[in-house]
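Trainee: I am new to this one. Can we go through it together, one question at a time?

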Amino acid sequence: MKFTFVPSGGLGNRMMSVASAYTLASRIGAELRILWFRDWALRAPFSSIFKPLRANNVTLCEQNLKHLLINDRPRKKNFFFPLLPEMILYDSHLGENEVYKIGTGGVILSNGHQGRTVG
């Protein structure tokens with residue numbers, strides 16, 4: 001199993017979410033692909049902040065035009081365009097509205113994503 005993860009927000013939010021995605025991938029034995037976007041909240045490339053990742057099951061890709069068209073967060077600003085290629089390329093898409101916070105920071109994924117390639 002493999003999944004693609006696009007962290008968003010400022011540096012602190014991204015660090016916590018990447019750590020969570022890595023922990024999840026390690027526990028379920030999945031390959032993790034992290035797409036690092038530069039946006040208004042954090043304009044720095046991953047390589048200017050962190051050392052290269054040395055995990056066997058993790059690859060990191062810096063933002064490029066292909067990633068912007070296919071894997072950017074679908075929203076009004078981009079006319080929700082990335083939804084179409086995501087529906088074609090991935091078995092399932094888990095958007096930010098489909099993750100529910102519980103307790104002290106835990107999350108529950110919505111139904112239908114278990115055992116599938118999630119983008």
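Trainee: Does arginine 14 count as buried or exposed?

Mentor: This is a predicted model, so the call rests on computed values. Buried means under 20% relative accessible area. Arginine 14 has a relative accessibility of 1%, so the residue counts as buried.

Trainee: Which residue does the side chain of arginine 14 meet in a salt bridge?

Mentor: The structure holds 1 salt bridge. Its N to O distance is 3.1 Å. The partner of arginine 14 is aspartate 39.

Trainee: How many residues apart are aspartate 39 and arginine 14?

Mentor: Arginine 14 sits in helix 1. Aspartate 39 sits in the loop between strand 2 and helix 2. The pair links distant parts of the chain, and the separation is 25 residues.

Trainee: Is aspartate 39 buried or exposed?

Mentor: The cut-off for buried is under 20%. Aspartate 39 has a relative accessible area of 17%, so the residue is buried.

Trainee: In what order do the 3 strands of the open sheet stand?

Mentor: The pairing in this sheet is parallel. Strand 1 and strand 2 pair over 4 bridges. Across that pair, threonine 4 stands opposite arginine 33. The order is 1-2-3.

Trainee: Which strands stand at the edges?

Mentor: Look for strands with a single partner. One side of each is then left without a neighbour in the sheet. The edge strands are strand 1 (2-5) and strand 3 (58-62).

Trainee: What angle does the direction of helix 1 make with that of strand 1?

Mentor: Helix 1 covers residues 11-28 and packs on the sheet. Helix 1 touches strand 1, strand 2 and strand 3. Its direction makes an angle with that of strand 1 of about 180°.

Trainee: Which residues is leucine 53 in contact with, leaving aside neighbours within four places in sequence?

Mentor: Leucine 53 is found in the loop between helix 2 and strand 3. At 41% relative accessibility, leucine 53 counts as partly exposed. Its contacts are Ile34, Phe46, Val58 and Leu60.

Trainee: How far apart in space are methionine 87 and isoleucine 70?

Mentor: Methionine 87 lies in helix 4 (residues 83-89). The residue counts as exposed, at 60% relative accessibility. In sequence, methionine 87 and isoleucine 70 are 17 residues apart. In space, C-alpha to C-alpha, the distance is 9.9 Å.

Trainee: What share of the 119 residues is buried?

Mentor: The protein exposes about 8100 Å². Carbon and sulfur atoms supply 59% of that area. Buried residues make up 29%.

Trainee: Which element has the lowest mean pLDDT?

Mentor: The protein averages a pLDDT of 78, and 77% of the residues score at least 70. Among the elements, helix 2 has the highest mean, 93. The lowest mean is 50, and it belongs to strand 5 (residues 106-109).

Trainee: How many contacts does the stretch 110-119 have in the model, beyond near neighbours in sequence?

Mentor: Over residues 110-119 the pLDDT is below 50. Even so, the model gives this stretch a count of contacts, and that count is 29.

Technical notes: Residues are numbered from 1 along each chain as its sequence is written. This is a predicted model: local features need pLDDT of at least 70, side-chain atom pairs count only at pLDDT 80 or more; totals for chains, interfaces and linings use all residues. Side-chain values use heavy atoms; hydrogens and water are left out. Two strands pair if DSSP finds at least two bridges between them. Helices (H or I, at least four residues) and strands (E, at least two) are DSSP runs, numbered from the N terminus. Contact means heavy atoms within 4.5 Å. Axes are lines fitted to C-alpha atoms, for helices over the stretch in contact, and angles run from 0 to 180 degrees between N-to-C directions. A salt bridge is a side-chain nitrogen of Lys or Arg within 4 Å of a carboxyl oxygen of Asp or Glu. Buried means under 20% relative accessible area, exposed over 50%, partly exposed in between (1.4 Å probe, protein chains only). Accessible areas come from the Shrake-Rupley method with a 1.4 Å probe; for residues, only the protein chains shown count as cover. pLDDT is the predictor's confidence in each residue, from 0 to 100.
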